[in-house]
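Visitor: I'd like to go through this one with you. Can you put it up so we can start with the helices?
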Amino acid sequence: MTEIAALLTGIVGPANVLTGTAIKEDFTHDEALGGTPTIPAALVFPETTDEVAAVLRVANEHRIPVTARGSGTGLSGAAIPRAEGILLAFDRMSAIIDIDTENHVAVVQPGVRLEQLDEVTRQHGLVYPVYPGEYSASLGGNVATNAGGMRAVRYGVTRHHVLGLEAVLPTGEVIRTGGKFVKATTGYDLTQLIIGSEGTLAIVTEVILKLYPRPAHRATVLAPFTTLEEVTAAVPRIVDSGIGPVILEYIDMLTMSATCSTYGLELGIPQEIKDTALAYLVVMMESSHADRLDEDVAALSEQLAQLGAVDVYVLPPNAATQLIEAREKAFWLAKANNADDIVDLVVPRAAIARFMSRVSQLAAEHQAWIAGCGHAGDGNVHLAVFQPDPEVRYRLMRALFAVGIELGGTISGEHGIGTEKKRYFLELEDPVKIDLMRRIKTAFDPTGILNPGKLFD
């Protein structure tokens, strides 16, 4: 790699190419529980699209793998580099290029973090509504994994808010897709094809994002139920009510107890209620009008009582913020408690109760402990799996995914496949679709240099 390092240095400068022990440990992995940290042959920090294109031309000519990395918060192993490859880190490409208040769009580089964008849009009374649970996540990474989060029940996921991209093909050619417009029927939708492709088709260097007026008022309601079945049965009724919840989450008893204990949450729930509640529903609403929000909260509270809630609590703003932030840290809670794997499966929301019933059966059959929570409003189930035996855990995970698919769902709702779910993806997905995806990959990347080993072998 000495010759290659010299070529890369000529592109981005000597300070922006690191090798060997100069590469910090943080760049060798993402947050996947089962990922194996790997030191790349070279870590490169480009500053411009032209530099990215030049790096890819070198890599393509010499058949060197290239992995793109944002802030490394992914949970699928998609940002883990290859030992013989180049890791492209976008720390220097972190500019918010434009906040267009007339067209309600933001134009950002891939290294921009959600917290950075939120701070700037707040100043304009606007918001980018996708919050996948980690505010330090980068927009480039969000695009690569089609990140979702708790607000998907109202706003959808990343792909619903990306209007266009600038992307570099492995040949070094630069393309632009979409633009500052909301509809187009002009050939294949390359924007949507690249979103969620986990860096295997092209390297995104600029993103055009849809923005929305920022609501001024927010309220959060917490409702304990005696069974998860009651919670999941309540979800479609709440969605049908027309209140338009921003967040509609379920949290099981074990996860709620661990969350409150770990983060010191005081939610004002009497002990006798805690003793009877096996699951909780968290509903957050927002509005530009305080009186309208008050009416929605009152209507929701009455509806929840009718749907079987043991009680209904309108949380004070501080407690609500703490609960939502703690819920967004559910992965870190699972990791701190030594979870062996995590599930990010999605099913039709009406099927959550049937899926969770099978979860209990499969956990017992495989002598595992499974706890979790999920985006009840969109059917995205998050589970922490505790089963240290790799072979038993594989059989359990495969069975969980198979049940989800049988119920009309799929393996990942928002984390992606990467390396961590690749085996299940290849075994359980329709082989005709897998073959078509491989052909698409070859069309974009004929030499196979972009993030090899992710999604496919």
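Visitor: At roughly what angle do the axes of helix 13 and helix 14 cross?
Guide: This is a predicted model, to begin with. In it, the axes of helix 13 (residues 352-365) and helix 14 (residues 390-406) cross at roughly 160° and come within 10 Å.
Visitor: Parallel or antiparallel, then?
Guide: Roughly antiparallel, since angles over 145 degrees are put in that class. Helix 13 and helix 14 therefore run roughly antiparallel to each other. The crossing is right-handed.
Visitor: Which residues meet there?
Guide: Helix 13 brings Phe 355, Arg 358, Val 359, Leu 362 and Ala 363. Helix 14 meets them with Leu 396, Ala 399, Leu 400, Val 403 and Gly 404. By class, that contact has eight nonpolar, one polar and one charged residues.
Visitor: Now helix 1 and helix 2. How do their axes cross?
Guide: At roughly 165°, with the axes of helix 1 (residues 2-12) and helix 2 (residues 49-62) coming within 9 Å. That angle makes helix 1 roughly antiparallel to helix 2. This crossing is right-handed.
Visitor: And what makes the contact?
Guide: From helix 1, Glu 3, Ile 4, Leu 7, Leu 8, Ile 11 and Val 12; from helix 2, Glu 51, Ala 54, Val 55, Val 58 and His 62. Sorted by class, the contact of helix 1 with helix 2 has eight nonpolar, one polar and two charged residues.
Visitor: Changing topic. How much space lies in the second largest pocket?
Guide: About 670 Å³. It is lined by 31 residues, and those closest to its centre are Gly 196, Glu 198, Phe 425, Met 437 and Leu 455.
Visitor: Which helices each supply at least two residues of that lining?
Guide: Helix 4 (139-145), helix 6 (190-194), helix 15 (422-428) and helix 16 (431-444). The largest share comes from helix 16, with four residues.
Visitor: How does the lining of that pocket divide by class?
Guide: Into 13 nonpolar, 12 polar and six charged residues.
Visitor: What lines the largest cavity?
Guide: Its lining is Leu 75, Ser 76, Ile 342, Asp 344, Ile 411, Ser 412, His 415, Gly 416, Glu 420 and Lys 421. By class, the lining of the largest cavity has three nonpolar, four polar and three charged residues.

Definitions and conventions: Residues are numbered from 1 along each chain as its sequence is written. This is a predicted model: local features need pLDDT of at least 70, side-chain atom pairs count only at pLDDT 80 or more; totals for chains, interfaces and linings use all residues. Side-chain values use heavy atoms; hydrogens and water are left out. On a 1 Å grid over the protein atoms alone, a cavity is a set of points where a 1.4 Å probe fits but cannot get out, and a pocket is an open set with protein on both sides within 12 Å along at least five of seven lines; lining residues have an atom within 4 Å of a point. Ala, Val, Leu, Ile, Met, Phe, Trp, Tyr, Cys and Pro count as nonpolar, Asp, Glu, Lys and Arg as charged, and the others, Gly among them, as polar. Axes are lines fitted to C-alpha atoms, for helices over the stretch in contact, and angles run from 0 to 180 degrees between N-to-C directions. Angles under 35 degrees count as roughly parallel, over 145 as roughly antiparallel, 65 to 115 as roughly perpendicular and the rest as oblique. A crossing is left-handed if the near helix is turned anticlockwise from the far one by less than a right angle, and right-handed if clockwise. Contact means heavy atoms within 4.5 Å. Grid points are joined across faces, edges and corners, and a volume is the space filled by probe spheres set on the points.
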